Amino acid sequence: MLCRRMRFYLCLVTCALCLGYGCAFAQAYPTRPIRLILPFPAGGPSDIVARTFGAKLGEVLGQQVVPDNRGGASGMIGAELAARAAPDGYTIFLGAIGALALNPNLYEKLPYDAARDFQPVSQLTSSPYILLVTPSLPAKSVKELVALAKSKPGQLNFASGGMGTGNHLSGELLKLTAGVNITHIPYKGASAAVGDVIAGNVQMLFINVLPALPHVKSGRTRALAITSGRRSQAAPDVPTFGESGFPAVENGSWHGIVVPARVPADIVKRLHGELAKIARLPEVKDRLEAQGAEVVGSTPGEFAAFIVTERARWGKVIKTVGIKVDQ
């Protein structure tokens, strides 16, 4: 009887020690630098988002958050690396519309499973597109552009940064919504596409706000509308597509933090809590909104639901248009 009682007490002590160790481990996180994988080359709007949040996250966690740019293959290189990382909270991934919502619909085979391999933490930003047109085009509004396109089916064209990119799909969404026939001209990157819109070789282009503004302000292009639900602080004179009579065209690129599947829930909770606080900081909001981005800071559940909705929405557009991308 005595031995049985002693064994019982020993079990209780062991369980208490294990629980105490687990709590101490959770409270200690992080104890070393965290790698933030970006599926983009250095520079550009995505880099600004990642480094703004990463620097602040490092300050509050007491450990450096180290950006690791792994661009290429439409975000697949960085996404695969993040998906295969140890689920210990020391590798986080700047998930974006391409890797998490578009690629699963564009490619038959991916080196990662966007739904299975990642755990959403928080959406950080949403970045709308501006529709630019060449100054020689007579249309001064989206309604005038649609009317012109209907009067000249197949004769107008729009540029993009490449087949299956966000600005390509925005153009296809406009075509489907307005019922117009506009020819798509893919380029190897948005910079070359902008140059041809300025030159008048193509009539229009959807592009992120920040790189569009210098060309609008100089008069080399004309901005007709922005794809966000409200006007941008960076371009307050540009009406939204909703104001222009086409609310269904509202969309944009976005960024958020995801981690490998099976990262412990307490680590996900810690990361989300800190990112949500950072998203509310005036200096963070002011800096990113000046770049044309809208700061979000959603919960893991909200971000997960948003990704599912985006994947389904763009999957429908891609299937309807019949877009195929060679791998």
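The model is predicted, so local features are reported only at pLDDT of at least 70 and side-chain atom pairs only at pLDDT 80 or more, while totals for chains, interfaces and linings use all residues. Residues are numbered from 1 along each chain as its sequence is written, and side-chain values use heavy atoms, with hydrogens and water left out.

The largest nonpolar core has 28 residues. A nonpolar core is here a set of buried Ala, Val, Leu, Ile, Met, Phe, Trp, Tyr and Cys residues joined through side-chain atoms within 4.5 Å. Buried means under 20% relative accessible area, exposed means over 50%, and partly exposed covers the range in between (1.4 Å probe, protein chains only). Within this core, L36, F53, L57, I92, I257 and L271 touch the most other members. At least two residues each come from β1 (34-38), α2 (45-61), β3 (91-96), β4 (118-127), β10 (253-260), α9 (265-279) and α10 (282-290). These labels follow DSSP runs numbered from the N terminus, with helices (H or I) of at least four residues and strands (E) of at least two. The helix α9 gives the most to the core, with six residues. A second, separate core of 27 residues includes A79, L106, A114 and I323.

Contact means heavy atoms within 4.5 Å. Not counting residues up to four places away in sequence, F53 touches L124, T125, L275, I278, A279, V284, L288 and V295.

Two of the helices that supply this core, α2 and α10, also pack against each other, with an angle of about 170 degrees and axes 11 Å apart. That makes α2 roughly antiparallel to α10, because angles over 145 degrees are counted in this way, those under 35 as roughly parallel, those from 65 to 115 as roughly perpendicular and the rest as oblique. The axes are lines fitted to C-alpha atoms, for helices over the stretch in contact, and angles run from 0 to 180 degrees between N-to-C directions. On the α2 side of the contact are I48, V49, T52, F53 and K56, which meet E283, V284, R287 and L288 in α10. Sorted by class, the contact has five nonpolar, one polar and three charged residues. In this sorting, Ala, Val, Leu, Ile, Met, Phe, Trp, Tyr, Cys and Pro count as nonpolar, Asp, Glu, Lys and Arg as charged, and the others, Gly among them, as polar.

Helix α10 also holds E289. At 12% relative accessibility, E289 counts as buried. Leaving aside neighbours within four places in sequence, E289 is in contact with R230, Q233 and A234.

Attention now turns to the strands. Strands of a sheet pair through backbone hydrogen bonds, either parallel or antiparallel. Two strands are taken to pair if DSSP finds at least two bridges between them. Strand β3 is mostly covered, with six of its six residues buried. T91, F93 and G95 point one way from β3, whereas I92, L94 and A96 point the other way. β3 pairs with β1 in the parallel sense over three bridges, and L36 stands opposite I92. Four bridges join β3 to β10 in an antiparallel arrangement, with L94 opposite I257.

Elsewhere, an open sheet of five strands has the order β7-β6-β8-β5-β9, with mixed pairing. Its edge strands, β7 (183-186) and β9 (222-226), each pair on one side only. On average, neighbouring strands of this sheet are turned by 30 degrees against each other, direction ignored. Five bridges join β5 (residues 129-133) to β8 (residues 204-208), and these two strands run antiparallel. Across this pairing, L131 stands opposite F206 and I130 opposite I207. In contrast, β6 (residues 157-160) runs parallel to β8, joined by two bridges, and F158 has M204 as its bridge partner in β8. Four of the five residues of β8 are buried.

At 5% relative accessibility, E172 counts as buried.
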